Amino acid sequence: MVMQHFSSCASFTPSRRSTVHSARNITLKPYISVREYCTEHRLNTRRLPFCVCSSGDTGDSAPQGRESDAVGDGDDNNTYASSRKKSLKAEARENNTIIYDKLIEVFRAKKPEEWKKLIVYSVQWPSLASGVFDRIEDIAASKSDDPDEQLELRRFLRRLVSVSDMLAEQKDLLDQFRQSSSMDWESLVARYRASMGADFFEHIELRIRAAQALHKNSRKDDDGPQDEAMSAEAEALAALGTQLAVLVDAYDKVVSDESALDAASQSFAELLQSDSMETAEAKLDSLAASGKLDPALLLTMAKAYSGVKETDITKEEVKDIMAHLYFKAKEKFASQAPPEARILKFLLSVDSESERMSLLEQAFQPGADLSTTSEDYLHTTPDALLNTIENILTVYDTSKTSTATMMSQASSLMNPEVIERMRQLRDLVRKKYT
């Protein structure tokens with residue numbers, strides 16, 4: 001019997017002290033002029049931006065000409081700084097214009113279907129996009145003497161903006177899944193299913209290939225940390241894409257069964273009529289025992305949970321109750337999965353081959369199925385486990401040749417390492433236990 005742990009899969013502030021002489025150490029005699037003070041302390045008055053004199057100094061002050069020289073010299077410095085700043089801005093604009101023109105040339109030379117790859121592979125595109133769009137508009141405006149070219153440029157601009165915006169929206173949606181707990185993914189799928197079509201999964205594939213390309217380049221540059229980060233990024237995206245494709249496929253199957261959805265809506269309405277949390281949990285137990293805690297009910301609850309979670313109108317206690325019921329239902333539904341499926345999932349999560357073999361031996365030892373608050377004690381037979389593995393691999397191999405379903409998206413994104421590990425388990429069970 002194998003024991004399965006089922007935990008849910010120094011600012012620096014410059015001193016005001018003068019670099020020439022500390023102001024707090026200066027004690028001016030009454031009626032001493034700037035020139036006299038500077039002569040006494042061997043200071044150059046041309047370096048002073050203003051007159052330094054004691055209050056009430058009306059007599060022996062610095063000559064007017066010298067004072068104006070000091071102020072004028074500061075104005076010259078300000079003028080130079082301003083001119084230099086303008087020059088740098090002009091140079092930056094010129095350099096950016098050159099970059100924008102090169103990017104425009106590249107995009108116009110490519111077919112629109114190739115733009116997605118160019119944008120996804122570019123790390124700097126988000127910061128350059130608005131400048132490129134403005135530059136296209138400027139060029140189009142300057143082509144008033146060539147209406148055909150002007151029309152073509154503006155058509156090109158609309159298509160490029162459309163592709164860029166679509167990719168930005170897909171990235172935002174993907175990031176929302178990555179930043180959310182996996183427990184929330186089903187509710188997010190229920191909410192955003194309309195945006196999770198083939199284009200969305202193609203976007204994930206593009207991001208995987210972009211991460212792999214960066215991984216390859218970092219290996220050439222012998223950049224260890226970046227190499228590992230890009231490899232981990234590609235694997236994380238592949239795993240997420242696979243799980244989302246499976247969730248979408250399951251969602252579509254449930255939605256296609258209207259009678260099951262109607263029954264689920266009725267069960268959910270009865271659940272909400274409970275007068276206490278204890279009563280609601282008892283109803284969930286009853287639904288699970290009668291087989292009515294099915295994917296249709298989970299989908300109905302996922303939609304409700306997603307709806308109350310994203311609104312500011314619903315009271316917090318209602319959100320908490322809905323979340324509790326939804327996650328409790330998911331937990332009970334997961335516990336209804338066949339033991340061989342749960343054991344397989346657990347075995348595939350173990351990296352050590354020797355440990356997997358040891359756990360496999362334990363899984364085939366008969367015993368009572370027991371559960372504690374943190375662990376499940378499960379067992380199965382070699383034939384049952386082998387049948388589960390064969391079914392999964394058959395679906396994977398078949399879907400690889402199809403482009404019409406979400407499962408084909410899942411197969412293209414699935415981590416090859418997991419598939420290989422599953423094939424090894426299959427061969428081991430065949431060789432040693434059948």
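**Notebook: rings, a pocket and a cavity**

I began with charges over rings: the charged end of Lys 117 sits over the ring of Tyr 121, with 5.3 Å to the ring centre. A reminder to myself that I am working on a predicted model.

I looked for a second case and found Arg 108, whose charged end lies over the ring of Phe 156, 5.7 Å from its centre.

**Ring against ring**

Phe 156 made me curious about the aromatic residues. I noted that two aromatic rings are described by how far apart their centres are and by the angle of their planes. My count for this model came to nine aromatic pairs. I picked out Trp 115 and Phe 156: their ring centres are 5.6 Å apart and their planes stand at 80°, over the 60 degrees needed, so I wrote the pair down as edge-to-face.

I read off about 580 Å³ for the second largest pocket. Its lining has 25 residues, and those nearest the centre are Ile 119, Val 120, Ser 122, Lys 171 and Arg 207.

Which helix gives the largest share of this pocket's lining? I found that it is α5, with seven residues. Helices α3 (112-121), α4 (125-141), α5 (147-179), α7 (198-220) and α8 (224-255) each bring at least two residues to the lining of this pocket. I sorted the pocket lining by class and got 17 nonpolar, three polar and five charged residues.

**The second largest cavity**

Last, I checked the second largest cavity, which has a volume of about 40 Å³. I listed its lining as Ser 187, Leu 188, Arg 191, Ser 306, Lys 309 and Glu 310. Two helices, α6 (185-192) and α11 (295-309), each supply at least two of the lining residues. I saw that α6 gives the most, with three residues. By class, I counted one nonpolar, two polar and three charged residues around this cavity.

Notes:
Residues are numbered from 1 along each chain as its sequence is written. This is a predicted model: local features need pLDDT of at least 70, side-chain atom pairs count only at pLDDT 80 or more; totals for chains, interfaces and linings use all residues. Side-chain values use heavy atoms; hydrogens and water are left out. On a 1 Å grid over the protein atoms alone, a cavity is a set of points where a 1.4 Å probe fits but cannot get out, and a pocket is an open set with protein on both sides within 12 Å along at least five of seven lines; lining residues have an atom within 4 Å of a point. Grid points are joined across faces, edges and corners, and a volume is the space filled by probe spheres set on the points. Helices (H or I, at least four residues) and strands (E, at least two) are DSSP runs, numbered from the N terminus. Ala, Val, Leu, Ile, Met, Phe, Trp, Tyr, Cys and Pro count as nonpolar, Asp, Glu, Lys and Arg as charged, and the others, Gly among them, as polar. Rings of Phe, Tyr and Trp (its six-membered ring) pair if their centres lie within 6.5 Å; planes under 30 degrees apart count as stacked, over 60 as edge-to-face and the rest as tilted. A charge sits over a ring if NZ of Lys or CZ of Arg is within 6 Å of the ring centre and within 35 degrees of the ring normal.
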